[in-house]
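This note is written for a colleague who is new to reading protein models.

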Amino acid sequence: MAGIIGITLFAASCTKEPLNHITPEESRIYITDYDSSVNFSSFKTYSISDSVAVISNSANPKERSATDEAYINAVKKYMAAGGYQLVSKDQSPDIGINVSRIYSTSTGIVSYNNYYNYWDPFYWGYSGYSYYVPYSYGVYQVTEGLVSIDMFDLKDAASSGKINLIWNGLVRGEGIFSTVNADAGVQALFSQSPYLQTAQ
Amino acid sequence: MKKNISLALSIIVFSAMAFTANAQQKSKVQLNLNYNYGLPMGSFKNDIISDGSARGFSGDLMFGINKKFAAGLSSGFQDFYQKYPRDVYTTGDHEVTSAVLSNSIQTVPLLAKGSYMPLGGTKSFIQPYVSLGAGISLVDFRQYLGEFGGSTSSGNFTAQGGAGIMIPFDKKGTSGFNIGATYNYVAYKKFGYGNLNSIAFQAGVHFPLK
C-alpha cells in the first residue's frame, strides 16, 4: 500500500500543472460573439452609458470606479478607431453600448432574461421595449467575475419593436478589474472583431 | 473500442495467471525500472502537444520463461504538457475567443508484455531485446483557455513495441542497465482528436527479485 501511495505521489509530483504555469496576463480570455445578420458598417453613431452596471445576486447598482471609467474610455477609443461617432443618447444614436461587471452569484448563472433589471430600456429612450438576444449566448457561468460589453441596435429598435443585441464582448480571468488592464482587454475584443467598422 | 479493451484485459488476465503459475515454480522474476523521455507522434504531436516530456517512468515485472523469452506486466506514468502563445480560436458559430491554450495529458499504461532476447543463453555481455505489449492506458486530458478549462478521463486500448539492450553490472549478469525505446499506440477519439501515439526513450536498471 505504501508503495502504491509513494508511486502515486511521485507521479503527481512529475505532473506539470497548467494553472501553475500561466501568468495573470495569460489567464485572461477575450470572447466575442455577434449577430451575423447585422451589417455593422451601416451604423454611424453610438452612445455609451457613463456608468457600469454591477450584476450580482446581492445588488444591482450602477457605479463608475476608476476601472469602470477605464473600460468606458477604452470602448470609446476603439469605437472611434472603427469610425463610429460618439453622440449623446438624446441624439438618436444608431448603437447603444452598455458595460457591465458580472460577479459570481449563488447559482453562478446570470441571464439576459434579467438584463432589464440592470439596464432598463427606458435609459435608451425605449420605455416598454424589451431586449432581444438573437443567438444563444445568454447564460454565463462564472466563478470570479467578468466584464461584459454589449452593443444594441437602436437604429432599428422602433421598426422592429425590440432592442436587438448585435455584439457582445467578454473579458475574463485574473486582473480584469484593474485599471491598467482595461485598455488591453477592450483592444483584444475589437481586434478580433474586424467587422466593427463603419462605412467611410 | 470495447472489443480492444476486452482483448487487452483478457491478455492481462491470461498473462497474470501464467505469471502466477510459473512464479510458483520458483522461476526467475526480474524487475525493470526505467526513466522515460516521451515524444508525441502523429496527430498527438501535430494537434495537441508537440513538446517532448522528461516527466515519465515505467516498470516491468517480467518472468523468465526460458533464457530467451520473458513475459509479465508493465506499467508507468508519462506527463505531457504544452502551452501555446495567445491566439484566436473559433469557439462557436460566430463566437471567437482570444486565449493562451494549455494542453495537459497524463497516461498510465497497464500492459501485458512479452520480451525476446536473441542472444539469451549465450556469453554475450550485452543482451539486445525486443518486446511487445498490449493493454489499456488510463488517459487524463485537461485543456485550458487561459485559466478556464476542463478535464476528461478514459481508458484506451494500447499496444506497445520496444527494443533495446541490457548491460549487466558484472559478469554474473543478474542485474544491470537498460537502454531502449518503445513505440506506444494509444487509441483515442475525443473532441475531434486522434490517437495519442508516442515514443518513449528509456534508461534504467534491472535486477532479479528471486
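This is a predicted model: local features need pLDDT of at least 70, side-chain atom pairs count only at pLDDT 80 or more; totals for chains, interfaces and linings use all residues.

1. Within S6(B), the residue opposite B:Leu145 is B:Phe148.

2. Chain B as a whole. Chain B contains two helices and eight strands. Read from the N terminus, its elements follow the order α-β-α-β-β-β-β-β-β-β. Chain B has 210 residues, and 36% of them are buried. Among its contacts with a separation of 6 or more, 60% are between residues 24 or more positions apart.

3. The pairing of S4(B). On chain B, S4(B) is joined to S5(B) by 16 bridges, and the two strands pair in the antiparallel sense. One of the residues concerned is B:Pro109, which has B:Ser137 of S5(B) as its bridge partner. S4(B) is also joined to a strand of chain A: three bridges link it to strand S1 of chain A (residues 29-34), and these strands run antiparallel. Here A:Tyr30 has B:Ser98 as its bridge partner in S4(B).

4. The contact between the chains. Chain B contributes 23 residues to the contact and chain A contributes 24. On the side of chain B that touches chain A, two or more residues come from each of strand S3 (69-90), strand S4 (96-116) and strand S5 (127-145). S4(B) gives the most, with eight residues. By class, this side of chain B consists of nine nonpolar, eight polar and six charged residues.

5. A helix covered from both chains. Helix H6 of chain A spans residues 179-191, and its buried residues include A:Ala182, A:Val186, A:Leu189 and A:Phe190. The cover over the buried residues of H6(A) includes S1, helix H3 (66-81), strand S10 (146-153) and strand S11 (163-172) of chain A, together with S4 of chain B.

6. The nonpolar cores. The largest nonpolar core has 46 residues, of which A:Tyr71, A:Val75, A:Ile97 and A:Val99 touch the most other members. S11(A) supplies the largest share of this core, six residues. Neighbours within four places in sequence aside, the contacts of A:Val99 include A:Tyr71, A:Ile72, A:Val75, A:Val147 and A:Ile149. There is also a second, separate core of ten residues, including B:Phe80, B:Ile105, B:Phe141 and B:Leu196.

7. H3(A) has 16 residues and reaches 22 Å from its first C-alpha to its last, close to the 22 Å expected at 1.5 Å a residue. Its buried residues are A:Asp68, A:Tyr71, A:Ile72, A:Ala74, A:Val75 and A:Met79. Why do these residues lie on the same side of H3(A)? They do so because they cover an arc of only 160 degrees around the axis. The exposed residues A:Ala66 and A:Ala80 are carried on the face of H3(A) turned away from its buried side. After H3(A) comes A:Gly83, which has a positive phi near 90 degrees.

Methods
Residues are numbered from 1 along each chain as its sequence is written. Chains are lettered from A and ligands numbered from 1 in the order in which they are written. Helices (H or I, at least four residues) and strands (E, at least two) are DSSP runs, numbered from the N terminus. A residue is buried if 20 or more other C-beta atoms lie within 10 Å of its own, exposed if 12 or fewer, and partly exposed in between; C-beta atoms are placed from the backbone. Two residues are in contact if their C-beta atoms, placed from the backbone, lie within 7 Å. Ala, Val, Leu, Ile, Met, Phe, Trp, Tyr, Cys and Pro count as nonpolar, Asp, Glu, Lys and Arg as charged, and the others, Gly among them, as polar. Two strands pair if DSSP finds at least two bridges between them. A nonpolar core is a set of buried Ala, Val, Leu, Ile, Met, Phe, Trp, Tyr and Cys residues joined through C-beta atoms within 7 Å. The expected span of a helix is 1.5 Å times one less than its number of residues. The arc is that of the directions from the helix axis to the C-beta atoms.
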